[in-house]
Amino acid sequence: MAPVDPPVPRGGLPVTALYTAGVWAWSERPGADRYASVATRRVFGTVEGVLRIAGWFVRNAPSLRHGLVQRHVMLDALVHEALAQGATTVLELAAGLSPRGTAFTATHDVAWTEVDLPEVVSYKAALLARDPQGQAVSARPTLTRLPADLRGADLVDLTGTDGPTMVLAEGLLMYLDDAARRDLLHRIAARLRPAGGWVAFDYVPPADKPPPGWVARLLGAWMRRFTGGEGLAENPTSQADVLDDLRSAGFSEVRTLAPSDAPDAWAVPHLDTRTEQRVFTARMAPEDA
Ligand SMILES: C[S@@+](CC[C@H](N)C(=O)[O-])C[C@H]1O[C@@H](n2cnc3c(N)ncnc32)[C@H](O)[C@@H]1O
């Protein structure tokens with residue numbers, strides 16, 4: 001008998017995890033099939049349908065799914081860099097249905113903790129419970145899932161401070177206003193300071209984008225409806241603001257990369273497709289260095 005999908009978390013930002021799970025599966029990233037479901041395929045299909053119709057009105061609109069795959073590949077490459085430099089732990093904030101921890105803990109000796117809202121963590125666990133292969137992933141001692149609301153969670157209390165750590169936050173910062181972004185970066189810095197580590201996240205600063213036309217405004221309104229009112233934050237933030245925020249939180253070696261800036265060895269795909277994507281990364285020196 002085919003495994004039965006669990007009930008889907010409804011409304012709000014968790015729905016965005018269903019679309020991104022659809023992209024992970026569409027791009028056949030390692031481990032993504034573990035988290036595919038009828039719901040992820042349906043949400044992916046609906047969003048792609050709406051974007052295709054919007055594309056009839058906007059010439060050369062950036063492709064959302066290709067941009068997401070680029071950020072998956074770039075953040076994976078930064079995890080590889082951190083592991084090569086001695087990271088022992090990865091903390092994946094707003095992990096959603098990302099298969100990254102599943103893939104890395106299958107091939108690397110790393111302790112991996114995923115954090116997301118309780119309903120998303122439960123849904124992810126229920127997806128894994130569908131079949132023996134998923135149950136084996138759930139039983140891995142190196143892969144942990146923690147429920148928490150990242151607006152305010154103390155990351156030291158939540159995860160301890162063991163080992164040089166890479167903190168990832170993929171697909172999260174676009175929902176935060178300036179104050180919430182700075183607050184999160186300070187809490188990540190506090191988590192990393194004792195043993196040192198790295199942070200990496202994607203974010204396309206609104207100030208670097210062209211002003212939205214009517215189709216983009218319409219899509220924004222649909223997005224707010226789709227996410228239960230929690231649309232993208234509309235701050236006039238620039239790249240320089242985000243780099244300053246990282247330095248103010250105590251990070252060094254601060255850098256930002258567009259897909260086309262990435263080293264060839266990262267093999268970032270879809271460089272001939274128009275996308276809007278950018279990744280930020282920085283290092284925190286250990287306290288006693
Ligand atoms: C666009 S999805 C990205 C998921 C995953 N990182 C990926 O790229 O596939 C955004 C995720 O952020 C999570 N999220 C949003 N606000 C959150 C909060 N305050 N606390 C914890 N998770 C949150 C959502 O539940 C969702 O899983």
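## Charges and ground rules

The chain carries 29 positive and 34 negative charges, and their mean positions sit 7 Å apart. Lys and Arg count as positive and Asp and Glu as negative, with His and the chain ends not counted; each charge is placed at NZ of Lys, CZ of Arg, CG of Asp or CD of Glu.

This is a predicted model, so local features need pLDDT of at least 70 and side-chain atom pairs count only at pLDDT 80 or more, while totals for chains, interfaces and linings use all residues. Residues are numbered from 1 along each chain as its sequence is written, and side-chain values use heavy atoms, leaving out hydrogens and water.

## Overall fold

You get 10 helices and seven strands here, taken as DSSP runs (H or I of at least four residues for helices, E of at least two for strands) and numbered from the N terminus. The radius of gyration is 18 Å, close to the 19 Å from the globule rule for 289 residues, so the chain is as compact as a globular protein of that length. That radius is taken over C-alpha atoms, and the rule is 2.2 Å times the number of residues to the power 0.38. Along its principal axes, the C-alpha trace spans about 55 × 55 × 35 Å.

Of the contacts with a separation of 6 or more, 81% join residues 24 or more positions apart; contact means heavy atoms within 4.5 Å. Buried residues make up 49% of the chain, where buried is under 20% relative accessible area, exposed is over 50% and partly exposed is in between (1.4 Å probe, protein chains only).

Helix H8 (residues 178-192) has 15 residues and should span 21 Å at 1.5 Å a residue, which agrees with its end C-alpha atoms being 21 Å apart. The expected span is 1.5 Å times one less than the number of residues. Its buried residues include Arg-181, Arg-187 and Arg-191, along with Leu-184 and Ile-188. Among the elements covering them are strand S1 (89-93), helix H7 (155-159) and helix H10 (239-248).

Helix H4 (residues 100-107) is mostly covered, with six of its eight residues buried. Arg-100 and Phe-104 are among them.

## Loop residues

Between helix H1 (14-26) and helix H2 (38-55), Glu-28 lies in the loop. Its phi is near 55°, positive in a residue other than glycine, and Glu-28 is exposed at 69% relative accessible area.

The loop between strand S6 (252-257) and strand S7 (279-284) holds Ala-265, exposed at 75%. Ala-267 lies in the loop between S6 and S7 too, with phi near 50° and a relative accessible area of 55%.
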